[in-house]
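User: Please examine the structure below with me, and answer a series of questions on its side-chain contacts.

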Amino acid sequence: MAGFFSKLMGKAGSATEPTPGASAPSFDTVVPGSTDPFDADLGQATEGQQVIYQVASVLMRYPDTEIQALIPELRQLAQEVGETPLVEAIDDVAHWYESAPMEDVAASYVQEYDLSRRHSFHLSYWTEGDTRRRGEALTRFKKMYRDSGMVTNLHGELPDYLPLVLEFTALVDSRAGRASLQAYRPSLELLRLALRDDNLAFHKLVECICDSLPGESPQTAQEIQKLARATPPAESVGLDPTDPRLLPLLQPAPVPSSLTEVSTRS
């Protein structure tokens with residue numbers, strides 16, 4: 001299985017490699033008394049959860065023939081680890097790929113996930129909107145990558161891009177990655193509901209991600225809002241302050257201004 005993940009790293013679009021001279025990251029340390037949700041210890045991902053995170057990371061990227069060719073292998077891997085819901089989720093994506101010529105599939109992806117913010121794959125967008133404080137949230141993701149001792153190539157994406165977070169969780173540090181996913185659980189749940197309501201192919205993939213985390217998934221947007229504080233951010237650009245997607249969930253711990261970004265953009 002490790003060989004399979006290594007193979008996927010070259011295809012998924014956000015390759016990671018050890019920082020030269022960096023020591024191996026410790027996955028067992030939790031900051032005592034920390035209130036930062038990124039420091040929560042949800043335990044290491046199981047083998048099945050690792051498969052969920054990496055498969056979802058690959059399939060939720062911009063569609064192309066290379067990813068389509070991987071689908072049978074991804075389905076087989078999900079079957080081998082006994083993740084039946086994931087097999088069904090992969091089948092939904094396979095049917096989407098088969099529903100139209102590749103250029104039409106790619107065009108629909110751009111329309112639904114790049115141009116429409118209703119299905120944003122950027123986790124902090126749902127909680128911070130286009131506000132100034134979103135920069136603090138993005139810095140917290142960058143710090144997670146930096147602390148892992150790995151250099152992460154974002155390939156032009158923001159650090160809270162869900163496929164990137166999922167790949168980090170599967171291949172680098174599942175404790176830290178799962179904590180970040182749980183910290184932005186309302187974002188995941190709102191995305192899940194939006195995909196479900198619009199009958200889009202990634203719905204079951206996001207459902208598998210949510211089911212891999214502690215706690216029951218809320219069934220309505222109102223229930224999801226109970227996971228987060230009700231006060232909207234003081235400033236919003238691009239979203240109305242009363243928009244239910246603006247869930248001010250996370251107050252990141254202050255990060256020193258001297259923090260340097262180890263991630264590189266293509």
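User: Is Asp 41 buried, partly exposed or exposed, and what is its relative accessible area?
Analyst: This is a predicted model, in which local features need pLDDT of at least 70, side-chain atom pairs count only at pLDDT 80 or more, and totals for chains, interfaces and linings use all residues. Residues are numbered from 1 along each chain as its sequence is written, and side-chain values use heavy atoms, with hydrogens and water left out. Buried means under 20% relative accessible area, exposed over 50%, and partly exposed in between (1.4 Å probe, protein chains only). Asp 41 is therefore partly exposed, its relative accessible area being 40%.

User: With which residue does Asp 41 form a salt bridge?
Analyst: A salt bridge requires a side-chain nitrogen of Lys or Arg within 4 Å of a carboxyl oxygen of Asp or Glu. For Asp 41, the closest N and O atoms of the pair are 2.5 Å apart, and the partner is Arg 175.

User: How many residues apart in sequence are the parts that Arg 175 and Asp 41 tie together?
Analyst: Helices (H or I, at least four residues) and strands (E, at least two) are DSSP runs, numbered from the N terminus. Arg 175 is buried at a relative accessible area of 17%. Arg 175 belongs to helix α9 (residues 174-183) and Asp 41 to the loop between β1 (16-18) and α2 (47-59), so the separation of the parts they tie together is 134 residues.

User: Which helices hold Asp 92 and Lys 204?
Analyst: Asp 92 and Lys 204 form a salt bridge, with the closest N and O atoms 3.8 Å apart. Asp 92 is partly exposed at 26% relative accessibility, and Lys 204 is partly exposed at 28%. The pair ties together parts 112 residues apart in sequence, because the two residues lie in helix α4 (residues 84-98) and helix α11 (residues 203-211), respectively.

User: What is the N to O distance in the salt bridge of Asp 198 and Arg 118?
Analyst: Asp 198 counts as partly exposed at 31% relative accessibility, and Arg 118 is partly exposed at 37%. Their side chains meet in a salt bridge with an N to O distance of 2.6 Å.

User: How are the rings of Tyr 62 and Tyr 109 arranged?
Analyst: The structure holds 13 aromatic pairs. Rings of Phe, Tyr and Trp (its six-membered ring) pair if their centres lie within 6.5 Å; planes under 30 degrees apart count as stacked, over 60 as edge-to-face and the rest as tilted. The ring centres of Tyr 62 and Tyr 109 are 5.8 Å apart and their planes stand at 85°, so the arrangement is edge-to-face.

User: What is the angle between the planes of Phe 121 and Phe 202?
Analyst: Phe 121 is buried at a relative accessible area of 3%, and Phe 202 is buried at 0%. Their aromatic pair is tilted, with 6.0 Å centre to centre and a plane angle of 55°.
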